[in-house]
Amino acid sequence: MTANTEIFQLLPHLVIGVGIVLSVVIEISTKKSESILPWFTILLLVFAGAHSIINVYDYQILFGGMYAIGGVTAIFNFIFTIGAAIMVLNAVDYIKKSKMNFGEFYILVQSSVLGMMLMAGARDLFMIFIGLELMSICFYVLAGINRTKIGNTEAALKYFLLGAFATGFIVFGIALIYGTAKSTSIDQIVFAYEYFITDVLFLTGLTLFVIGFLFKIAAFPFHMWVPDVYQGAATPVTGLMSTTGKAAAFSVLIIILSAVFTQNITNNFEILFAVIATLSMLYGSIVAIAQDNLKRMLAYSSIAHAGYMTIGLAAGNIESVSGIIFYLTAYAFMNLGAFGVIALIEGSNEENLDINSYAGLNSKSPILAGFMALFMFALAGIPPMAGFFGKYYVFVAAIKADLTWLAIVGVFSSAISVYFYLRVVVYMYFKDSTSSIIIKNSFTGLLAVIISGLLVLVFGILPDTLFSIITSVLSY
Amino acid sequence: MENSQILTYLLFTPIIGAVIILFMKESQAVLIRIFGLLISLFAFAVSLYPYFNFDYTNPDFQFIHKVLWVESLDISYHVGADGISVLLILLTTFITPITLLSSWKAIDKKIKLFTMMMLLLEAGMIGVFMALDVFLFYIFWEAMLIPMYFIIGIWGGEQRIYASVKFFIYTMFGSLLMLVAIIWLTVAASKNIGLYTTNLILLYQQAPNIMLDIQKWLFLAFFFSFAVKVPLFPLHTWLPDAHVQAPTAGSVILAGVLLKMGTYGLIRFNLPLFPQSTVEFAPFISILAIIGIIYGALVAMVQTDMKKLVAYSSVSHLGFVVLGIFALTFESVQGAVIQMVNHGLSTGALFLLVGIIYERTHKREIAYYGGIAKLVPLFAIALMFASLSSIGLPGLNGFIGEFLILLGAFQSQVLDSWWYVVFAATGVIFAAVYLLWMYQRVVFGTVTNEKLNTELTDLNAREIIVLVPIFIFIVWIGIYPTTFLDLSEAPVSAILEHVKNYTFNFLYW
């Protein structure tokens with residue numbers, strides 16, 4: 001197949017790439033861009049997502065082994081695009097409310113999604129790096145897009161500095177890997193993984209590479225940026241960073257370690273991942289108890305969730321890959337939903353983020369309270385919500401890999417985390433309102449929450465809709 | 001009777017009812033109440049079908065309905081019922097309309113949410129009693145926590161938030177351990193059968209072949225989870241808080257049905273899945289049960305709060321059930337099964353009566369009352385009746401269960417000592433002490449508190465309708481228990497036979 005036809009295989013990427021350029025044109029050419037761009041963005045994203053998931057069984061390697069489409073990549077693309085579409089839907093009224101209604105917002109979202117898609121599809125270390133930088137730089141800007149607010153700027157700066165640090169690790173890791181493996185092609189590295197891994201320099205390089213991505217998934221002890229950035233950034237942006245950003249980083253970890261997952265090779269990183277998973281879960285769950293700010297609480301909960309997914313990396317078998325992917329999907333929609341509710345309740349100047357603002361929410365807005373409760377129960381991992389199945393699959397993988405103790409730690413941590421998730425429900429349902437907050441009506445915002453809620457329920461009650469796709473593409 | 005869908009209809013009746021109520025208006029409170037009551041009565045009617053079509057001679061599961069659910073992990077929606085299940089499902093569908101009717105006045109806010117939660121709770125409990133897939137069982141077991149949590153948290157007493165969170169975290173902790181055990185069990189069994197399955201009936205064959213070292217841990221994890229729910233001493237501390245803070249309807253469901261899920265789980269999972277460990281641990285667990293019997297009774301004796309007294313009496317009564325199960329004789333397990341129903345009826349009635357009087361005075365302290373026999377004669381009679389049933393007066397239901405359990409435990413080869421029975425029997429005496437003493441202080445004597453004259457009114461028609469069905473069954477079981485014992489006869493002897501087969505050359509028998 002020639003390069004000319006190969007390029008059309010990348011239709012979702014092309015559509016978004018062209019969309020970015022068109023969005024820039026729309027932004028400078030018309031005054032009404034704020035009312036066109038969100039819908040244009042959603043259209044692009046939904047198209048790309050639908051195209052990916054329809055062609056999920058069409059697995060191909062393109063451009064001489066540089067890039068893959070279909071299979072796991074397609075599932076990740078689905079998470080990125082649909083997650084971002086939900087976030088944009090939620091953000092339409094939010095960015096008007098908080099007076100940062102710039103067209104750049106949508107362009108940056110599109111670019112970051114393109115970066116994520118490149119990461120998930122890349123089969124070459126440099127492609128990964130390009131995708132990572134595209135995503136990260138967009139995120140740095142998005143985190144600080146509301147430049148008049150101090151918290152926003154602080155978040156952007158912290159994110160940028162620590163993110164750049166992580167990038168340094170990754171680049172150094174790539175250099176060492178290239179130096180020993182004489183190639184940046186992931187397929188070659190995976191093919192001869194067993195041979196390379198005995199080389200100390202290769203192992204060092206791979207470790208540095210992995211650590212760089214552990215920064216991105218917000219695992220302990222590389223989590224320092226998470227609470228401040230999640231709290232400081234605009235709420236929908238936090239939703240995007242915490243879900244799709246995490247998924248993109250996991251997609252790279254899964255690809256680079258795919259030799260371990262599929263070929264029964266000893267997992268050199270088992271202990272590293274097991275320790276990191278344990279610390280992330282316990283640290284995230286315990287510190288979240290003390291948080292009164294809901295965004296900060298969800299930031300620590302996000303560290304804990306990174307820990308649950310890292311259990312899958314430690315387990316290192318084929319079940320763990322499907323478990324992680326399912327978990328990421330479930331987490332994406334429940335977290336986007338939770339941040340969506342927070343964005344709706346938040347005032348125009350970052351107020352009403354405190355848990356006290358949620359007191360008696362049930363009597364003010366039963367729909368929002370109901371959905372928030374749904375997301376909290378889902379995050380806590382209570383069946384029949386999607387979050388439960390994510391944990392279940394990951395625990396199955398751990399026990400199959402004889403890591404029963406890790407599953408038990410996960411269970412302990414889940415039991416702890418129930419406390420702070422329930423606390424939100426306690427405030428919404430069991431306490432009477434103390435403040436007189438006014439919730440601005442936002443149809444699109446509510447729609448985003450409802451879509452996330454329905455997805456959380458569908459993946460919870462009928463997990464096989466997604467899980468059968470994951471397992472069948474993994475059997476390639 | 002393969003592939004009957006009656007149990008599925010039964011399960012979805014309350015769920016569909018709850019969904020319909022979701023779309024009704026909060027202002028139509030009376031309509032919602034009547035609709036909820038009708039749905040729960042309809043569910044009761046549906047649950048009579050399996051009872052009347054039950055094949056008494058068949059020890060296996062009947063009315064099985066199986067649909068593949070999660071193909072990749074071979075998880076099925078797989079329900080069915082044996083005699084024990086049918087009995088407990090009947091108890092559930094019988095208690096739910098009673099609690100809905102009893103809360104007609106007591107619940108006066110958010111009636112829509114309340115009715116929905118009660119119906120969802122009913123569905124969850126029915127699901128637990130009919131699930132034949134360990135995974136499905138876990139889903140119902142967990143999902144049922146959410147409505148109960150809301151019922152305690154929204155409509156409970158002053159300390160409701162503390163009680164509801166404690167209830168949730170306590171039980172969640174236990175059940176998460178069970179989750180690990182379920183996964184471990186299915187993974188370990190899959191090495192024997194070669195495929196990963198959560199089908200309980202297949203696991204019955206395979207689980208006993210798991211290495212004893214692993215089996216022991218699995219047994220303990222399941223046991224711990226069920227023991228929290230029972231609750232067995234020393235894991236009982238959530239119970240008094242939850243009971244006292246819950247609204248009457250919540251307490252009745254909690255005592256009547258929810259606690260039975262723990263003991264049901266012991267019979268359904270621990271005994272047949274891990275027979276060797278069961279026999280090994282039986283003496284220790286029986287000792288815990290007896291400590292629970294005596295401790296619960298002694299603590300109940302010194303309570304000043306009526307509801308707390310009844311709550312601690314539950315700890316004591318459930319100790320009998322656990323003793324019966326782990327004595328592992330036919331009589332004792334049969335006694336345990338019937339005692340689950342008995343406790344549901346008599347403690348349910350006691351909670352209803354305490355709730356009825358609380359509605360009028362908003363006081364639960366025993367000291368507040370005195371000499372109310374003259375003011376509310378019908379109430380006094382009803383309370384006497386319920387207390388005697390709980391004490392185990394011959395001719396009423398409690399006697400049958402306790403007698404069978406003690407008889408069975410006395411003959412038990414696994415326990416092999418009559419000291420167990422001696423200590424357990426003191427519980428019966430203590431029960432008479434704390435209940436009759438409470439009765440004496442509340443009902444007899446002269447009216448000590450002037451306010452009672454104006455506050456108290458006797459049972460009204462609705463309350464009589466609520467109580468009479470319970471009393472009918474209390475007498476029925478007391479006089480002719482065969483109706484109910486026959487149901488569980490075949491499955492109980494099959495389970496014991498199964499346990500015996502695996503431990504025959506192994507230990508005491």
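Here is a tour of the cavities, with a stop at one residue of a helix.

A word on the ground rules: this is a predicted model, where local features need pLDDT of at least 70 and side-chain atom pairs pLDDT 80 or more, while totals for chains, interfaces and linings use all residues. Residues count from 1 along each chain as written, chains are lettered from A, and side-chain values use heavy atoms, without hydrogens or water.

**Stop one: the cavities.** The structure holds 9 cavities of 30 Å³ or more; a cavity is a set of points on a 1 Å grid over the protein atoms alone where a 1.4 Å probe fits but cannot get out.

**Stop two: its lining.** Select M135(A), F139(A), Y159(A), K216(A), W225(A), Y230(A), M241(A), G245(A) and K246(A); lining residues have an atom within 4 Å of a point. Helix α12(A) gives the most, with 3 residues (helices are DSSP runs of H or I, at least four residues, numbered from the N terminus).

**Stop three: T244(A).** Stay on helix α12 of chain A and pick T244(A). Is T244(A) buried or exposed? T244(A) is buried (under 20% relative accessible area), at 0%. A polar atom of its side chain sits 2.7 Å from the backbone oxygen of L240(A). Beyond neighbours within four places in sequence, T244(A) is in contact (heavy atoms within 4.5 Å) with I79(A), F80(A), G83(A), A84(A), M116(A) and F139(A).

Technical notes
On a 1 Å grid over the protein atoms alone, a cavity is a set of points where a 1.4 Å probe fits but cannot get out, and a pocket is an open set with protein on both sides within 12 Å along at least five of seven lines; lining residues have an atom within 4 Å of a point. Grid points are joined across faces, edges and corners, and a volume is the space filled by probe spheres set on the points. Helices (H or I, at least four residues) and strands (E, at least two) are DSSP runs, numbered from the N terminus. Buried means under 20% relative accessible area, exposed over 50%, partly exposed in between (1.4 Å probe, protein chains only). A polar contact is a pair of N or O atoms within 3.5 Å; within protein, one must be able to donate a hydrogen and the other to accept it, and residues adjacent in sequence count only if both atoms are side-chain atoms.
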